[in-house]
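Keep the 3D view open while you read.

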Amino acid sequence: MIPALLFALAPVYWMLTISLKSDVDQFASPPPWFGFTPTLEHYYDAFVTRGFGQYLLTSAIVSVASTLCALVIGTLAAYALARFELPWRLNRHLSLWILSTRMFPAIVTAVPLFLMMRDLRLLNTRASLIVVYTAFNLPFVVWMMRGFFADLPRDLEEAALVDGDSRLGALRRVVLPLVTPGLAATAVFCLIVSWNEFLFALVLTQTDAAMTLPVGIAGRVTQYEIKWGVMSAAAAVALVPILVFALALQKYLVRGLSLGAVKG
Amino acid sequence: MPKSRRFFSAQNRREWLLPAIFIAPALAVLLSLSIYPLIYSITISLQQETSGGAVWTFGNFTRLTSDNFFLTAMAHTFVYAVVALSCEFLLGLGLALLLNSKLRGRGLFRASLLVPMMLPSVVVGVVWRLMLNPDFGALNGTLRRFGINTESLTWTASPKLAMLSVIAVDVWQWTPFVFLVLLAGLQAIPEEPYEAALIDGSSRRQTFWHVTLPLLKPSILIVLLLRTMDLLRVFDQIFILTEGGPGFATETISLYIYRTAFRFFDFGYAAAMSFVLLALTNVISVVYIKFLQAKEAG
């Protein structure tokens with residue numbers, strides 16, 4: 001068990017030390033795992049001097065906005081699919097189709113989306129990313145929320161409807177409070193996926209104003225002189241939200257990531 | 001009053017309206033951003049620029065069969081997928097079987113194991129470029145401490161070792177996922193089959209093959225499906241680690257499509273290749289799902 005933990009975490013720890021080591025320590029050979037004086041100069045360098053702060057902000061805005069949109073649109077659709085029986089066995093077909101869009105290799109839609117955004121003059125805008133990420137997250141939201149809704153007994157909703165509530169009202173007042181944990185877990189998944197996303201951001205944004213954090217980091221890494229301290233500092237900050245989320249949600253993650261096939 | 005199985009069945013036209021309104025936005029988003037791009041992609045893959053303007057032709061597709069780069073990229077992708085999948089599966093299964101007991105500090109353990117796969121792929125790339133750096137990376141540093149000569153071990157810069165390196169990174173990142181899914185599957189198996197097997201005098205090996213494995217099939221299939229899909233379309237980590245290099249050594253199909261579209265601006269050809277990739281992943285996932293459904297029925 002301990003070896004497994006070390007195996008998983010040691011490389012990340014290594015990167016963290018690089019971000020905290022002064023340049024002298026970094027190029028020492030062999031470089032130390034523990035005995036060095038930490039410095040925050042790379043963090044300052046990255047976020048204040050070199051503009052990674054802007055990438056961070058863009059990532060945050062795009063992730064939150066697309067998650068919200070996906071949640072609203074997806075939860076509505078999920079509710080309908082869970083509670084209404086549509087003709088021609090549409091429920092099953094729609095669900096499977098929605099799931100299948102998640103199986104697409106990203107590059108397949110990235111190329112035409114680039115061309116479409118270019119024609120719409122939406123390249124290098126946050127809006128294009130928000131819209132694309134919403135579409136990206138939507139199948140997952142629908143799949144997850146449908147499962148949560150289906151697990152819910154109907155009695156409370158039926159009672160509300162008998163009492164004269166509208167469908168939407170019943171949804172809001174009765175059902176949503178009951179699925180809040182599921183909603184929260186789904187929201188965090190979407191945030192993680194949007195925050196980490198790379199290919200679409202790479203394709204759709206090339207300017208500093210529009211780049212997300214992953215693209216910003218990648219852009220500097222693939223250039224000639226790589227400042228590893230700065231890179232590590234940026235990467236360290238990029239992974240902090242993820243760690244927080246992983247810890248908070250580890251109970252739900254296995255279930256979510258295996259599409260509900262396996263209860264964690 | 002008899003309860004109907006669903007709230008509404010589709011008898012009355014009026015009663016479709018509400019669900020239709022609920023589902024419409026989602027459908028609109030997906031149709032415009034997932035389906036329409038595909039159609040757009042088909043149209044550009046069937047066109048080529050000539051001096052007289054754009055012409056409808058299968059040229060992009062026929063070009064595939066003679067394009068060595070394409071075929072090599074496909075080969076690389078398959079090798080990558082098969083090797084990584086085997087390692088991840090065997091390691092994950094082995095660990096799950098070994099650690100199949102009530103663990104203490106379970107939440108923290110699980111959260112820690114999930115870190116590698118939750119990281120942004122860019123961060124994974126940075127982490128491992130640091131680890132694998134021939135001069136001041138931790139790996140070579142540790143090897144040197146044991147007296148091993150690391151001069152030829154340039155990992156991601158070495159044509160011979162690059163593919164191995166990127167596969168190893170993938171194994172590092174995703175074995176925990178396989179482990180966790182299979183572990184959850186194992187722990188969901190009830191006691192009765194094992195007890196029955198014991199009473200029948202079954203050996204440990206027999207129990208494993210005839211009791212554990214069949215009951216684990218759904219988890220195994222889903223994890224294999226998910227990993228296969230991800231491995232075939234891999235892009236991010238390889239882009240950061242090697243950019244497909246050195247030379248063409250680690251170029252997978254997604255990378256080649258990206259390069260064709262965004263370095264050579266040959267969008268039609270890139271679109272044609274995307275469709276081959278899409279068809280491939282479709283076929284494979286259908287095969288897996290058939291297996292999965294056969295298992296549930298049987």
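## Two loop residues with positive phi

Start in chain B, in the loop between α11 (253-262) and α12 (267-297), where you'll find Phe265(B). Keep in mind that this is a predicted model. Phe265(B) isn't a glycine, yet its phi is positive, near 55 degrees. Is Phe265(B) buried or exposed? It counts as exposed, because it has 9 C-beta neighbours inside 10 Å, and the cut-off for exposed is 12 or fewer.

Now hop over to chain A. Arg121(A) sits in the loop between α6 (106-119) and α7 (126-151). Its phi is positive too, at about 60 degrees, and Arg121(A) is not a glycine either. Arg121(A) counts as exposed because it has 9 C-beta neighbours inside 10 Å.

## An enclosed helix

Back in chain B, take a look at helix α5, residues 121-132. Its 12 residues reach 16 Å from the first C-alpha to the last, close to the 16 Å expected at 1.5 Å a residue.

How many residues of α5(B) are buried? The count is 12 of the 12, so this helix is largely enclosed by the rest of the structure. Among the buried ones are Ser121(B), Gly125(B), Trp128(B) and Arg129(B).

## The largest nonpolar core

Val126(B), one of the buried residues of α5(B), also turns up in the largest nonpolar core, which has 158 residues. The members that touch the most others include Val126(B), Leu182(B), Ala77(A) and Val141(A). Helix α7(A) provides the largest share of this core, 16 residues.

What does Ala77(A) touch, leaving out residues up to four places away in sequence? Its contacts are Val142(A) in chain A, plus Phe22(B), Ile23(B) and Ala26(B) in chain B.

Terms used:
Residues numbered from 1 in each chain as written. Chains lettered and ligands numbered in written order. Predicted model: local features only at pLDDT ≥ 70, side-chain atom pairs only at ≥ 80, totals over all residues. Helix = DSSP H or I, 4+ residues; strand = E, 2+ residues; numbered from the N terminus. Buried ≥ 20, exposed ≤ 12 C-beta atoms within 10 Å, placed from the backbone. Expected span 1.5 Å × (residues − 1). Core = buried A, V, L, I, M, F, W, Y, C linked by C-beta atoms within 7 Å. Contact = placed C-beta atoms within 7 Å.
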